[in-house]
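Q: I have not looked at this one before. Can you walk me through it?
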Amino acid sequence: MPTSSLQKEFFARIADPQAVRAIFEHLPGVFFFVKDAEGRHIAANSVTFERFGIKHERELVGAMDEKFFPPEVAKAFRADDQKVMRSGKPLINRLEVWYDEQRNLSWFLCTKLPVRDKAGKVIGVMGITRRDEERMRHHDVREVTAAVLHARKNCDKNLSTAELARAAGVSERHLHRKLKETLGLSPHELMLRTRIQSAAEALAKTSAPIIEIALNHGFCDQSAFTQQFRKRTGMTPRQFRVRNRG
């Protein structure tokens, strides 16, 4: 019997098309997810629930990345998803640096594949994210961690690169190089994104006037805040507030 026929016959006999998901419950440190073409979550393994801070799959199904991640992060995830779905080609072992469950800076590898229907049309994306232990053993991210933490603690100020470098205990040139190597960001962009992330949380969780939130996060006026916020989230602060309260 040809191999392809053997495979088709075997898979046709499987009672539950989702049975393959069970394997991801037994792979330590692997976060598994499936999304549809609109970016809505369809399925995930239990460790992904924990990372999102939820207990049941019913809280996940239908939710967008914006529910679980800062706006700029969700936007980047969506861009990758769309690239995979448009091209029909997988994204293999893309290196990402973000926070683990304890909010510590860590290395992760992400792999995404297109999901097709029976007619071959791409209808979504599935993927796994896992730690890159090998990279962690060979790269020291302590200086980057120090810079990120200092930026987060001072998100009410428009810090200079020199101030951030002093907090990390390195020169401005060294900090710029380390941030580019690990996060793909300049010191200025790191500080700006950190301030916008904090401001986004204030927009969603408080009723403070937008101008007050802007000034409290180191922006000179509401216009400058709106310009930078829209550039990185795709919406104005007011639109973001309405969406995240709606």
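This is a predicted model: local features need pLDDT of at least 70, side-chain atom pairs count only at pLDDT 80 or more; totals for chains, interfaces and linings use all residues.

Q: What follows α6?
A: Gly169 does, and its phi is positive, near 75°.

Q: OK, zooming out. How many helices and strands does the protein have?
A: There are 11 helices and five strands. The protein has 246 residues, and buried ones make up 41% of them.

Q: Which residues have the most contacts inside the largest nonpolar core?
A: Ile196, Leu203, Ile213, Phe219, Phe225, Phe229 and Phe240 do, in a core of 15 residues. Two or more residues each come from α8 (187-205), α9 (210-216) and α10 (222-233). The most come from α8, which gives six residues.

Q: How do α10 and α11 cross?
A: Helix α11 covers residues 237-245, and its axis comes within 9 Å of the axis of α10. The two axes cross at roughly 65°.

Q: Why give both an angle and a distance?
A: Because two packed helices are described by the angle between their axes and the distance between the axes.

Q: Which residues meet there, between α10 and α11?
A: On the α10 side they are Gln222, Phe225, Thr226 and Phe229. From α11, Pro237, Arg238 and Phe240 meet them. By type, the residues of this contact divide into four nonpolar, two polar and one charged.

Q: Staying with α11, which of its residues are buried?
A: Pro237, Phe240 and Arg241 are the buried residues of α11. Seen down the helix axis, they fall within an arc of 100°, so they line one face of α11.

Q: What does the face of α11 turned away from its buried side carry?
A: That face carries the exposed residues Arg238 and Val242.

Q: Switching to strands. How covered is β1?
A: Strand β1 is mostly covered, with seven of its seven residues buried. Val30, Phe32, Val34 and Asp36 point one way from the strand, while Phe31, Phe33 and Lys35 point the other way.

Q: Which strands does β1 pair with?
A: One is β2 (residues 41-44), which pairs with β1 (residues 30-36) in the antiparallel sense over three bridges. Another is β5 (residues 122-131), also running antiparallel to β1 and joined to it by seven bridges.

Q: What stands opposite what?
A: Phe33 is opposite Ala44 in β2, and its bridge partner in β5 is Gly127. Val34 stands opposite Ala43 in β2.

Q: How many residues lie between the strands in the hairpin of β1 and β2?
A: Four residues lie between them, and Gly39 in that hairpin takes a positive phi near 90°.

Q: What does Asp81 touch?
A: Asp81 touches Lys35, Asp65, Lys112 and Val125, again not counting residues up to four places away in sequence. Lys35 is one of the β1 residues mentioned above.

Q: And where is His56 found?
A: His56 is in the loop between α2 (46-52) and α3. It is partly exposed, because its relative accessible area is 36%, and the range for that term lies between 20% and 50%.

Q: How far is His56 from Ser46?
A: Their C-alpha atoms are separated by 8.1 Å, and the two residues are 10 residues apart along the chain.

Technical notes. Residues are numbered from 1 along each chain as its sequence is written. Side-chain values use heavy atoms; hydrogens and water are left out. A nonpolar core is a set of buried Ala, Val, Leu, Ile, Met, Phe, Trp, Tyr and Cys residues joined through side-chain atoms within 4.5 Å. Buried means under 20% relative accessible area, exposed over 50%, partly exposed in between (1.4 Å probe, protein chains only). Two strands pair if DSSP finds at least two bridges between them. Axes are lines fitted to C-alpha atoms, for helices over the stretch in contact, and angles run from 0 to 180 degrees between N-to-C directions. Contact means heavy atoms within 4.5 Å. Ala, Val, Leu, Ile, Met, Phe, Trp, Tyr, Cys and Pro count as nonpolar, Asp, Glu, Lys and Arg as charged, and the others, Gly among them, as polar. The arc is that of the directions from the helix axis to the C-beta atoms.
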